[in-house]
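The following note sets out comments on the model shown below. The points are numbered so that each may be taken up separately.

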Amino acid sequence: MTRLTEEMIIDLPENARERSKKLKEQIGMDLKTLAFKSIGENPDDYDFSDYSVASVPITAGLGVIGGFSLSVKAILEEMGFECFVTTEPDVDGFYEALEKGADIIFVADDKRFLAYNAKTGIYSENVSSTAAGYSEALDIASGGLKGKDVLVIGAGRVGSESVRLLVSKGAKVKVTDIDFGKAKDVAAEYGAAALSNVSRAISEHKYILDASPGLIPGELIVEGAVISSMGIPYSFDAEGEKKSDMIIHDPLNIGTAVMAAKCVASPRK
Ligand code: PYL
């Protein structure tokens, strides 16, 4: 998964509510509702206003990303959780979260973004959560993908999980990747079809789930395209935005919200 940069999330904290409102305009539900719907749950069945959530900065690997923990906090607060960023990073920060009574603790290194419910042992992670949230958003935006052709761009961790989920929703899934071997492996594993020519695949599909870091030239986008794009950096130019009926995108919000929903709703594993 591509590593976020401070520039990509610099405005996230103050725009979290705006993004949730935009999502509601696009698909008829806000971030919290989409997150719970992505896991088959109704947010009204849960009162998580008394949950305390901690976001712990992690210095491992390439280190802390400026604004990352604050962005996690803003996304969770927009959903209705009470959230704090620990003053200490890493293990001492995890200890601080426990000492301060956090129910759910969010931590991310360069390989894994994890949410852990310290009270129940339930945990969730960002790759499967992002795939779930964006696949659900595309299903809703399309009016139901069952029987429809859908293209997944990118056969990495998120793209593969998205192929699996979209096949389970009854879509006719095609997957493409600059590494055609990866696309073929994912297609074979989940009952999808692999397309070798990425540009042609994009130019032939109305419904697209974009799980790739690459920019997508607007000239490839079909008129009226409905696109669910977790790819970072943001992949579309003015022409692509003009031709698309809808582009659902954020740098971190949907994946983080689904992680929180899973930690509140999932039965103990
Ligand atoms: C979870 C994001 C979504 C897209 N790419 C993933 C990423 O950038 N991962 C790295 C996160 C590092 C966070 C850093 C901190 O500030 O705690 N260790």
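1. Helix spans. The expected span of a helix is 1.5 Å times one less than its number of residues. Helices (H or I, at least four residues) and strands (E, at least two) are DSSP runs, numbered from the N terminus. Helix α7 (residues 157-168) has 12 residues and should therefore span 16 Å, and the 17 Å between its end C-alpha atoms agrees with this.

2. Basis of the comments. The model is predicted: local features need pLDDT of at least 70 and side-chain atom pairs count only at pLDDT 80 or more, whereas totals for chains, interfaces and linings use all residues. Residues are numbered from 1 along each chain as its sequence is written, and side-chain values use heavy atoms, with hydrogens and water left out.

3. Overall form. The protein contains 11 helices and 11 strands. Its radius of gyration is 18 Å, close to the 18 Å that the globule rule gives for 269 residues, so the protein is as compact as a globular protein of that length. The radius is taken over C-alpha atoms, and the rule is 2.2 Å times the number of residues to the power 0.38. The C-alpha trace spans about 55 × 40 × 35 Å along the principal axes.

4. Of the 269 residues, 53% are buried; here buried means under 20% relative accessible area, exposed over 50%, and partly exposed in between (1.4 Å probe, protein chains only). Contact means heavy atoms within 4.5 Å. Among contacts between residues at least 6 apart in sequence, 58% join residues at least 24 apart.

5. Surface and charge. The accessible surface comes to about 11900 Å², and 52% of this belongs to carbon and sulfur atoms. Areas come from the Shrake-Rupley method with a 1.4 Å probe; for residues, only the protein chains shown count as cover. There are 29 positive and 41 negative side chains, with the centres of the two sets 6 Å apart. Lys and Arg count as positive and Asp and Glu as negative, while His and the chain ends are not counted. Each charge is placed at NZ of Lys, CZ of Arg, CG of Asp or CD of Glu.

6. The buried residues of α7 are V158, G159, S160, E161, S162, V163, L165 and L166. Their cover includes the helices α6 (126-141) and α8 (180-190), together with the strands β6 (149-153), β7 (172-176) and β9 (207-210). Just after α7, G170 adopts a positive phi of about 90°.

7. Leaving aside neighbours within four places in sequence, S129 is in contact with S124, G255, V258, M259 and K262.

8. Helices α11 and α4. Helix α11 (residues 253-265) has 13 residues and reaches 18 Å from its first C-alpha to its last, close to the 18 Å expected. In α11, 13 of the 13 residues are buried, so the helix is largely enclosed by the rest of the structure. Helix α4 (residues 68-79) has 12 residues and reaches 17 Å, close to the 16 Å expected. Nine of the 12 residues of α4 are buried: F68, S69, S71, V72, A74, I75, L76, E78 and M79. G80 follows α4 with a positive phi near 110°.

9. Backbone geometry to check. Most residues other than glycine have a negative phi, and most peptide bonds are trans. D90 is not a glycine, yet its phi is positive, at about 60°. D90 lies in helix α5 (residues 90-99) and is partly exposed, at 24% relative accessibility. The peptide bond from I232 to P233 is cis, with omega near 0°; P233 belongs to the loop between β10 (225-229) and α10 (238-243).

10. Distances across the fold. S199, in helix α9 (residues 198-203), is partly exposed at 37% relative accessibility. E18, in helix α2 (residues 12-27), is partly exposed at 46% relative accessibility. E18 and E78 are 60 residues apart in sequence and 9.8 Å apart in space, C-alpha to C-alpha.
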